[in-house]
Amino acid sequence: MLKLLTRVQRFRSGFPLSFHFLGWVVLFSSVLTLVVSSILIYTDHQARLTEMDQRLQAIESEYAASLTASLETLDQELLQTQLRGILSLPDIVHLRLNIKPDSELIMGVAPREARVDSYKLGLPPAGEAPSALGELTVTASLERIYQNTKNRAFTILATQFFITLLVAVLAVWAFQHFVARHLAAMAAYAKDFSLEQTCIPLTLDRRDTALRRTDEIARTADAINQLRERLHKDAARQKQDAAKIRKFSTAIEQSPSSVLICDRQWRIEYANRKFTQLTGYAPESIIGKKPGSHSENEQEIRGSRYLWQGIRLQVQRVGVWQGEVNSIRRNGERFWEQLIVTSMKDDAGHTTGYLILGEDISIRKRYEQQLLRQANYDILTGLPNRMLALDRLKLALAQAQREGSMVAVMFLDLDNFKHINDTLGHDAGDSLLIEAARRISSCLRGTSTVARLGGDEFLVILPGLAGPEASAQVAERILESFTPAYSLSDQEVFVTTSIGIAVYPADSDNSGALLQHADAAMYQAKRQGKSSYVHFTPEMHEQSHERLQMESRLRRALELEEFELHFQPILETATGQLRTVEALLRWNNPVMGMTLPDRFIPLAEETGLIIPIGEWVFEEACRAANRWKLLTGRDIDISVNVSPRQFRDPRFTGSVKAALSRNDLAPERLELEITERLLLDKSIETADILWQMDREGIRLAVDDFGTGYSALSYLKGYPFDTLKIDKSFIHDVTQEQEAGALVRAIINMAHSLGLTITAEGVDDALQAEFLKKEGCDLAQGYFYSVPLPDRDFTEWLKIHYLD
């Protein structure tokens with residue numbers, strides 16, 4: 001009895017698995033039954049429908065001829081008899097006979113579910129197309145067929161259901177008796193198993209036979225018992241190992257570096273998550289492949305094969321390889337990767353595999369390349385810069401020393417570049433530099449170097465020359481390449497260059513000295529008329545040294561208060577009354593003495609010193625005008641020259657207004673003299689500054705009119721108040737009829753535009769009289785007064801306006 005209760009308890013404990021097994025057996029049996037039954041039912045139904053279609057076709061073959069004959073004779077009784085015969089056939093329930101032209105004969109009742117077939121009845125007359133006498137429509141009921149199909153389906157399904165149920169019950173009983181109860185026993189043992197009970201073996205309630213000792217349940221029970229025996233010994237160690245493995249696995253999987261682990265044959269066994277993020281390759285797509293061979297591009301695979309052959313040899317020889325490689329992602333994108341490849345060894349020192357660590361350094365490489373590019377190349381033209389050019393010059397000199405050849409250094413400076421940059425704007429200047437770089441480069445051979453040193457200065461290095469005459473040939477080609485016009489801001493501009501040449505070893509064997517000598521020769525070329533080249537001579541060194549000294553002294557001139565203003569009066573030609581005073585800058589250096597603007601102003605513009613010097617001039621000129629008002633009791637206007645470089649300074653407008661405000665000088669008392677070359681610039685910035693000055697009340701004058709690129713459109717387009725005729729026109733006004741006519745025309749033109757006209761360089765009474773007669777408004781020159789220092793001009797004012 002106890003044994004029976006135990007079996008019942010085990011059956012209950014194993015019931016869920018048996019229930020699931022029963023469910024699956026019933027499900028699959030039912031599905032199979034439904035499929036088979038459906039096929040049988042469908043086949044039987046289709047056979048009955050086919051049989052009906054055959055009967056309908058037989059009606060046409062058997063009755064068509066007789067019906068046609070009856071229609072021809074219009075025998076009504078015979079037609080009805082024939083139709084009743086058709087209606088008596090199985091499943092035929094309705095007939096409709098349409099008799100041409102408009103008669104109809106109907107028998108029976110049409111059902112809802114039916115098969116319908118129609119036949120044309122008629123005879124073809126001789127030599128004519130067939131003509132129908134009527135049409136017979138036959139309707140067969142499907143009710144009997146559907147009923148037979150239902151009965152058949154019920155019989156088949158009922159039979160299959162009982163078969164399925166019987167098979168399921170037997171299968172569940174067999175599964176429960178031979179499998180499930182033993183599995184339940186194993187589960188109960190495993191549930192209660194612990195390290196404290198490893199001495200209790202697992203036993204099953206089944207007969208011990210030779211066949212059963214080798215089946216799956218017996219093997220499973222033996223495996224559990226063997227596991228019980230090993231578990232007691234290995235539990236602690238396995239627990240520690242599992243913790244370590246989880247820790248190391250997590251660290252590798254979450255590593256910020258990509259990790260590949262290869263076996264001894266360099267086949268990939270593992271790839272972490274970072275590798276997939278870095279390359280785009282899923283681990284399962286590369287397992288079993290060798291590093292570098294997982295690309296889909298055959299050419300890339302061949303290139304990587306050679307690289308990894310070298311890496312493997314290095315690792316096998318010394319145990320580690322480290323370097324940077326240009327890898328490719330799955331999408332074809334290239335990236336830089338830093339790799340560390342090491343061998344993994346066991347306790348005996350034998351190699352068991354290889355570890356590959358990778359890190360994406362593309363951003364760092366891009367920054368390095370960008371910094372290298374910026375450090376060695378000019379951003380605008382793409383040419384080598386000064387640093388790279390000097391390196392190449394030193395290499396060329398070292399090679400020439402070994403080979404006994406010559407090296408020519410050419411220093412190029414574009415003529416009038418600052419004028420173009422000031423008048424047409426910086427964009428046009430940049431375009432000019434780019435085109436000039438292209439033209440110079442086109443004149444050189446492959447071993448030569450052309451570099452941009454800064455601004456409009458270029459350096460050409462010609463290595464491996466047999467004689468100095470070769471440099472002259474290159475210089476001539478460069479000068480010739482500058483002959484065609486440049487298209488800048490929709491204007492054609494002709495630009496030339498001046499070239500200075502120094503040759504190693506004749507001129508110097510030092511790179512720095514060669515550059516200085518080439519620079520000195522270039523300035524000599526400019527002094528000789530530009531658009532030419534000059535070879536260095538020892539005398540040029542002194543001139544270059546003198547220019548360098550002047551620049552050094554000029555940089556300290558403001559600090560040492562070496563600048564001073566001289567003043568020249570501008571008078572009305574009709575009355576001789578003082579109208580305006582022009583402020584003229586002078587540089588009084590203790591070493592060079594009094595220096596005129598023609599010597600230091602170009603250097604100041606070139607170095608940018610003209611900006612602070614110009615601010616000092618405005619401040620001193622406004623202060624002087626304020627002193628004269630206090631001295632004379634009347635307003636005296638002050639006129640100040642403005643260079644194009646100064647005019648383009650962003651702080652220019654603010655500095656002018658600040659000087660007026662600090663010295664309490666009305667804006668209309670200040671006149672700015674602007675050279676004609678500034679008017680060539682049609683930029684919006686130029687117009688804005690001029691109109692802003694005009695709105696402030698500051699007067700504007702065109703200086704040295706007639707010597708540049710004057711055009712009436714410039715005078716009409718800007719708010720000028722005064723036009724100053726250059727002294728070169730006034731000099732011959734009383735001696736040459738053409739000069740007098742030209743001055744007369746300028747005066748009339750200026751007055752027609754509403755401008756005040758001022759004549760410069762009036763040196764004698766005849767010139768003054770001529771200008772007065774022709775209606776010139778104002779005049780200045782040595783006839784009235786030379787430019788005077790501040791103290792002397794104050795005395796001049798006292799003599800003429802206070803006595």
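## Overall picture

Of the 803 residues in the protein chain, 42% are buried, where buried stands for under 20% relative accessible area with a 1.4 Å probe, protein chains only. This is a predicted model, in which local features need pLDDT of at least 70 and side-chain atom pairs count only at pLDDT 80 or more, while totals for chains, interfaces and linings use all residues. Residues are numbered from 1 along each chain as its sequence is written, and side-chain values use heavy atoms, with hydrogens and water left out.

The secondary structure of the chain comes to 26 helices and 26 strands, taken as DSSP runs numbered from the N terminus (helices H or I of at least four residues, strands E of at least two). Among contacts (heavy atoms within 4.5 Å) between residues at least 6 apart in sequence, 62% join residues at least 24 apart.

## Aromatic pairs

A search of the whole structure finds 14 aromatic pairs, a pair being rings of Phe, Tyr or Trp (its six-membered ring) with centres within 6.5 Å, called stacked when the planes are under 30 degrees apart, edge-to-face when over 60 and tilted for the rest. One of them joins Phe 567 and Phe 793, whose ring centres are 5.8 Å apart and whose planes meet at 40°, so the pair is tilted. This pair links distant parts of the chain, since Phe 567 belongs to strand 17 (residues 563-572) and Phe 793 to helix 26 (residues 790-801), 226 residues apart. Both Phe 567 and Phe 793 are buried.

Trp 587 and Phe 600 form an edge-to-face pair, with 5.7 Å from centre to centre and 75° between the planes. Trp 587 lies in strand 18 (residues 578-589) and Phe 600 in helix 16 (residues 597-607), so the pair ties together parts that are 13 residues apart in sequence. Trp 587 is buried, with a relative accessible area of 0%, and Phe 600 is likewise buried, with a relative accessible area of 0%. Ring pairs link Phe 563, Trp 587, Phe 600 and Trp 616 into a cluster.

## Packing of helices 11 and 12

Helix 11 (residues 417-424) and helix 12 (residues 426-442) pack at an angle of about 140°, with their axes 6 Å apart; the axes are lines fitted to C-alpha atoms over the stretch in contact, and angles run from 0 to 180 degrees between N-to-C directions. The two helices are therefore oblique to each other, the class left after roughly parallel (under 35 degrees), roughly antiparallel (over 145) and roughly perpendicular (65 to 115). The contact involves residues including Phe 417 and Leu 424 of helix 11 and His 426 and Leu 433 of helix 12.

Definitions and conventions
Buried means under 20% relative accessible area, exposed over 50%, partly exposed in between (1.4 Å probe, protein chains only).
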